[in-house]
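This report covers strand pairing and helix packing in one model. The structure comes first, followed by the text.

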Amino acid sequence: MEDLNCCVTSCDKPLDQAYWDAQYKAKATGWDLGIVSPPIQEFVDTIQDKNSAILIPGGGNSYEAEYLLQQGFTNISVIDIAPTLIAVLKQKFVNHPNVKIILGDFFEHQGQYDWIIEQTFFCALPPTMRPKYVWKMHQLLAPKGKIVGLLFNREFEEGPPFGGNKVEYINLFSGAFTIQKMEICHNSVAPRANSELFIELEKNTATEVHLYNFEGITCSGCKATVSEKLAEIDSVINVNMNTNFTEVIIASEKEVALQKLQDTVSYEEKYKIIKAN
């Protein structure tokens, strides 16, 4: 993925369906390893239930799906937003009914999965979408379900890919997930050596995770103040607002009444919190 230079910052192109479809049409897929990622392959070899429901979001050329199929897994789903890619994948897996190929937006997808494999999907999303990613992952996973895979442990000058670090990720996923593993990979491919974290994150079934739209914040200082006030509400475990101040996820022991949330931020008249659909 390091070869992909176009980004929302430098060229102001939205990372939408048209953008990603254009990358596949132009074969501008510098992130493509050409093989299943070794850390993911090693982990797949430890999964005993071959009937586990597995989702691969932003599936790319789906080497992971191929490997799962070879190992006898029977319930594999791949979702991607790019029609050009999906047409190729449908042909590639035409004789394999155990692999379901889905053209669609991950954030609108419905289902329930035991495992979701993370391989260059998180880093392809604009950082503004990271809280929403956590919320949607929590929605899609079955009880005891897990996200497994790789996150970059480095920064990039521009993106995609968009990087990050362990401290940021712990703060992002805490509450919604139990972090069972988040450590430097010992077997990354050479170009990514020492720059990947392997993650194993289990859905926290004792936690409610809800997404809200937010209006009125214009600076990071205000974001910090609002987040602190929301975090002080009884039963709230973690609060994460996105980097452009428009969405916030709240992980709590029980769902907090919307009026309580609004009352908490109403010290500033322009602030408004609305539950997302």
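Two strands count as paired if DSSP finds at least two bridges between them. Helices (H or I, at least four residues) and strands (E, at least two) are DSSP runs, numbered from the N terminus. The model is predicted: local features need pLDDT of at least 70, side-chain atom pairs count only at pLDDT 80 or more, and totals for chains, interfaces and linings use all residues. Residues are numbered from 1 along each chain as its sequence is written, and side-chain values use heavy atoms, with hydrogens and water left out.

**Strands**

Strand E1 (residues 54-57) pairs with E2 in the parallel sense over four bridges, and Leu55 faces Ser77 in E2. Both belong to an open sheet of seven strands with mixed pairing, in the order E3-E2-E1-E4-E5-E7-E6. E3 and strand E6 (177-184) each have a single partner strand and stand at the edges, so one side of each is left without a neighbour in the sheet.

Strand E8 (residues 208-215) has two pairings, tabulated here.

| Partner of E8 | Sense | Bridges | Example pair |
|---|---|---|---|
| E10 (residues 247-252) | antiparallel | six bridges | Glu208 with Ser252 |

Buried here means under 20% relative accessible area, against over 50% for exposed and partly exposed in between (1.4 Å probe, protein chains only). In helix H5 (residues 83-92), the residues Leu85, Ile86 and Leu89 are buried. They cover an arc of only 95 degrees around the axis, the arc being that of the directions from the helix axis to the C-beta atoms, which puts them on the same side of H5. With contact defined as heavy atoms within 4.5 Å, the buried residues of H5 pack against helix H2 (17-25), strand E2 (76-80) and strand E3 (99-103).

Axes are lines fitted to C-alpha atoms, for helices over the stretch in contact, and angles run from 0 to 180 degrees between N-to-C directions. The axes of H2 and H5 come within 7 Å and cross at roughly 55 degrees. At this contact, Gln17, Asp21, Tyr24 and Lys25 in H2 meet Pro83, Thr84 and Leu85 in H5.

The buried residues of helix H8 (residues 220-231) are Val226, Ser227 and Leu230. Their arc is only 100 degrees around the axis, which puts them on the same side of H8. They pack against E8, strand E9 (236-241), E10 and helix H9 (258-265).

Terms used
The expected span of a helix is 1.5 Å times one less than its number of residues.
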